[in-house]
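Please go through the briefing below with the sequence and the coordinates open side by side.

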Amino acid sequence: MPQSEQPNKQPWIAIFDLDGTLTWGDTLREFIVAYLRAHPWRVLRLWRFPLAALQFAADRDRGKLKSSVIRMVMGGDSRAVIDRYAEAFVGSLEPRKRFRPTALAMLEAHRTAGDRLVLLSASPDLYVPRIGILLGFERTVCTEVRWQGERLEGGLITANRRGAEKLRCLEEIRASYPGLPTIAYGNSYSDLDHMVQTDRALLVNAGTRARDVARKLGIPTATWE
């Protein structure tokens, strides 16, 4: 429940997932596809993608797959080039078209109530912090990628921030705001790991399996348009 519905109470830490919760789609996929359109010769480097997909089928390591794709598409490019592209990409994300209106309304309700807004995403820091700024979050926690000097190496320097890793991040976030209650919004089965540990949670736009598990855990569900 947003803090705006609880007058005269202390602020909450409102933790929002990004892809599928705030947005209509997957921002990393959009970022990668748009980057390829801007740098079409890099499509040739995707010959390695079937190997990465086979590896993922064997180990189910989403972080490794994410890193492989980032390396294929952007590996070796300069920080200046990628930052310039990320700025243009995020600048093209019109809130009314790319973000769910209900999600933006919930975000604004928390902001109006004086709650502390945290964006927690498994997508990479190549662009996610810029989305955090765009939407007015005071803190962004996301998967971090490796650079070699001013060139993108593409490996992950943090764990892929989903599932149990989001739970670990939740504890760090709580430590930064001691004593404040937490409310989390997510959209996937993997988000339930940390959502079940918050004071309140709402699972939105989820599939059948995630909704069934959420109900068993006592987490309400909803559909955000």
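The axes of helix H1 (residues 27-38) and H4 approach within 11 Å and cross at roughly 120°, where axes are lines fitted to C-alpha atoms, for helices over the stretch in contact, and angles run from 0 to 180 degrees between N-to-C directions. Helices (H or I, at least four residues) and strands (E, at least two) are DSSP runs numbered from the N terminus. This is a predicted model, in which local features need pLDDT of at least 70 and side-chain atom pairs count only at pLDDT 80 or more, while totals for chains, interfaces and linings use all residues. Residues are numbered from 1 along each chain as its sequence is written, and side-chain values use heavy atoms, with hydrogens and water left out.

**H1 against H4**
- The crossing of H1 and H4 is right-handed, a term that applies if the near helix is turned clockwise from the far one by less than a right angle, anticlockwise being left-handed.
- Thr27, Glu30, Phe31, Ala34, Tyr35 and Ala38 of H1 meet Val81, Ile82, Tyr85, Ala86 and Phe89 of H4, contact being heavy atoms within 4.5 Å.
- By class, this contact of H1 with H4 has 9 nonpolar, 1 polar and 1 charged residues, with Ala, Val, Leu, Ile, Met, Phe, Trp, Tyr, Cys and Pro counted as nonpolar, Asp, Glu, Lys and Arg as charged, and the others, Gly among them, as polar.

**H4 against H7**
- The axes of helix H4 (residues 79-91) and helix H7 (residues 128-135) come within 10 Å and cross at roughly 40°.
- H4 is therefore oblique to H7, since angles under 35 degrees count as roughly parallel, over 145 as roughly antiparallel, 65 to 115 as roughly perpendicular and the rest as oblique.
- On the H4 side Asp83, Ala86, Glu87 and Val90 meet Arg130, Ile131 and Leu134 of H7, and by class the contact has 4 nonpolar, no polar and 3 charged residues.

**The sheet**
- An open sheet is formed by 6 strands in the order E3-E2-E1-E6-E7-E8, with parallel pairing, where two strands pair if DSSP finds at least two bridges between them.
- The edge strands, each pairing on one side only, are strand E3 (139-143) and strand E8 (221-222).
- H7 packs on the sheet and touches E2 and E3, its direction making about 150° with that of E2.

**Strand E1**
- E1 runs parallel to strand E2 (residues 116-124), joined by 4 bridges, and phenylalanine 16 stands opposite leucine 119 in E2.
- E1 also pairs in the parallel sense with strand E6 (residues 182-186) over 4 bridges, with alanine 14 opposite isoleucine 183 in E6.
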